[in-house]
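Please look over the sequence and the model before reading on.

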Amino acid sequence: MNLSPLQKTRYEYQPKLPGMLRGGIAEICVKDGAPTQSVADQDKIKALFPNTYGKNEITFQKGTNTSEAKKQVVGVILSGGQAPGGHNVICGLYDAIKATDKNNVLLGFKGGPSGLIEDDFVEFDDAFIDAYRNTGGFDIIGSGRTKLETEQQFKIVTEVAKKHGLTAIVIIGGDDSNTNAAVLAEYMAANNTGVQVIGCPKTIDGDLKNEDIEASFGFDTATKTYSELIGNIERDSNSAKKYWHFIKVMGRSASHVALECALETQPNICLIGEEVAAKKMSLSAIADYIADSVEKRAANGDNFGVAIIPEGIVEFVPEFSMLIAEINELLAGEKTEKFNALPDWNAKYEFIKAGLTAEAFAVFDILPQFVQQQLFLERDPHGNVQVSLIESEKLFSEMVKEKLAARKAAGTYKGKFAAQHHFFGYEGRCAFPSNFDADYCYSLGYNAFMLIQYGYTGYLSKVSNLSKPAEEWVAGGMPITKMMNMERRNGEDKPVIRKALVELDGKPFKFFEANREKWAVETSFTYPGAIQYFGPAEVCDLTTRTLALEKGQA
Ligand code: FBP
């Protein structure tokens, strides 16, 4: 492998563990906490998880290790979208496993959950692990989005576990993957397999959190990477003074990434999907809101600016989600083939017009043609519109352009408007983890093994007090069922982890809300610059603004 100078130096970085996990495995004991209950639908979740529901939260503390000495053979998978720090979770897990007993084994199942089903694995050793310490990416074993949810799959996983003598499985994933971890843990317990299942909270989207899980890993590095790029664009925009930049940022559903980037860079506009839904804003109202900023800035001679658009925005616009629901019906089953067989866009347009309600068609008809066509691109495995394929940054800039043309005709707007478009997502998912993510991930992995060693199952590895220096972090575990509720999925009520959306009465949004009017008109950009790996802690070990505000430290 060709190594960059940074990669070579990052190998030497020693991730910081919470104080209570330092000083050796022999000195880590458990402090029991209170019993838990699910976030909603307690009776239903309890009935579905009789073996793993209602368990106590726990924390680790310094004291004599009382765990049972037994050989551990642990399997680990990376699941879902990449997030910086995944390699360090595996490194921390490996180090704890080997520090406990060098005969313990860690197997990495390749390509995500499917690796467990296909029994495609690698056994880690020191040399293998050392090549991935403090690096970005999931390439150590790869990832995938296969869902582990059927009885048949669980039976196969049980066979694979038996074959290798697995004592535990660690699933590093987001809300869906950890939902699967909870269901697998329950299955393993109900069938007395002796296999424990532990989850680790991953996703750059930042939507896997609650009062215990303060942040999902990867959010810190990904948002810092996007914020660096947005800051650079802001400076370019403020230098050239001729473009409005419409920047879409990843975040499949919740707008945490957009909000954090806005807090870091103070753009003129940042849309928050959750607010759009709460205020029931229409596409036209959103375009007017952006056009107001363009017009006011133009009146000051500033024909430039930056608008951040969260990837998930359109699903939060009530009229747009109604349109998507109708399109999903319109193309259900064999109707897709019929639609695809139509000779040209005109014929397809007539088919759509005839198939949608007048209300939905009115929304469809105001969309630029490229967006109309994007709504009919390849469908997801459930046959639904892939909302992530919609170029919402272009949609809104196009709609703003039309609004401005009308305002110009009415004589209220006299500026110039030229737009540039960007989408930041993949750029941040495999970045070298920040010191925060390197430390947090290593701690999550190390801690996951302590949960295994102490016999827990159906728990999420939990490291909290994250806005403080790592020495003061608190390590422990939270039953995954605590985050669960019942939701409708593919026509059935299912137990799932509730996604954490941006809270409109939360401190991060409140801070943004209190400042955005000024940012919309004045040029208040801030330029965060690149992630720093070496140097003073106040620059290198910074957490996100979201976390700092949530913890009352900003
Ligand atoms: P996870 O929830 O699995 O962490 O993935 C989130 C994400 O990074 C989203 O931000 C984005 O919409 C999606 O993955 C893209 O997925 P893919 O890698 O399949 O294109």
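Predicted model: local features only at pLDDT ≥ 70, side-chain atom pairs only at ≥ 80, totals over all residues.

## Asp288 and its two partners

The side chain of Asp288 meets that of Arg407 in a salt bridge, with 2.9 Å from N to O. This pair links distant parts of the chain, since Arg407 belongs to helix H18 and Asp288 to helix H11, 119 residues apart.

Because Lys403 lies in helix H18 (residues 392-410) and Asp288 in helix H11 (residues 283-299), the pair ties together parts that are 115 residues apart in sequence.

## Other salt bridges

Which residues are linked with Glu57 in a network of salt bridges? The network joins Glu57 to Glu211, Asp212, Lys462 and Lys482. For the model as a whole, the count comes to 31 salt bridges.

A further salt bridge is formed by Glu522 and Lys518, whose closest N and O atoms are 3.2 Å apart. Glu522 is partly exposed, with a relative accessible area of 41%, and Lys518 likewise counts as partly exposed, at 45% relative accessibility.

## Enclosed spaces

Rolling a probe the size of a water molecule over the atoms shows where empty space is left. A search of the whole structure finds three cavities of 30 Å³ or more, and the largest cavity holds about 50 Å³ of space. Its lining is made up of Gly206, Lys209, Glu214, Ala215, Ser216, Phe219, Thr544, Thr546, Leu547 and Glu550. Helix H23 (residues 545-550) gives the most to this lining of the largest cavity, with three residues. Sorted by class, the residues that line the largest cavity divide into three nonpolar, four polar and three charged.

The second largest cavity holds about 40 Å³ of space, and the residues that line it are Ala215, Ser216, Phe219, Asp220, Phe436, Asp437, Thr544 and Leu547. Two elements give two or more residues to the lining of the second largest cavity, namely helix H8 (219-240) and helix H20 (435-453). By class, the lining of the second largest cavity has four nonpolar, two polar and two charged residues.

## Aromatic pairs and a cluster

A pair of aromatic rings is described by the distance of the centres and the angle of the planes. In this model the count comes to 23 aromatic pairs. One of the aromatic pairs is formed by Tyr349 and Phe364, which is tilted, with 6.3 Å centre to centre and 40° between the planes. Tyr349 lies in helix H15 (residues 345-355) and Phe364 in helix H16 (residues 358-366), so the pair ties together parts that are 15 residues apart in sequence. Tyr349 is buried, with a relative accessible area of 19%, and Phe364 also counts as buried, at 0% relative accessibility.

Phe432 and Tyr533 form an aromatic pair that is edge-to-face, with centres 6.3 Å apart and an angle of 75° between the planes. Since Phe432 lies in the loop between helix H19 (426-429) and H20, and Tyr533 in the loop between helix H21 (507-521) and helix H22 (537-540), the pair ties together parts that are 101 residues apart in sequence. Tyr533 is buried, its relative accessible area being 13%. Returning to Tyr349 and Phe364, these residues belong to one aromatic cluster that also includes Phe339, Trp345, Phe351, Phe361 and Phe376.

## Charges over rings

Where does the charged end of Lys348 sit? The charged end of Lys348 is placed over the ring of Phe339, 5.3 Å from the centre of that ring, and Phe339 is one of the residues of the aromatic cluster described above. In another such arrangement, Arg297 lies over the face of Phe304, at 4.8 Å from the ring centre.

Notes. Residues numbered from 1 in each chain as written. Heavy atoms only, no water. Salt bridge = Lys/Arg side-chain N within 4 Å of Asp/Glu carboxyl O. Helix = DSSP H or I, 4+ residues; strand = E, 2+ residues; numbered from the N terminus. Buried < 20%, exposed > 50% of the residue type's maximum accessible area, 1.4 Å probe, protein only. 1 Å grid on protein atoms, 1.4 Å probe; cavity = no way out; pocket = protein on both sides within 12 Å on 5 of 7 lines; lining within 4 Å. Points joined across faces, edges and corners; volume = space filled by probe spheres on them. Nonpolar A, V, L, I, M, F, W, Y, C, P; charged D, E, K, R; others polar. Phe/Tyr/Trp six-rings, centres within 6.5 Å; stacked < 30°, edge-to-face > 60°. Lys NZ or Arg CZ within 6 Å of the ring centre and 35° of its normal.
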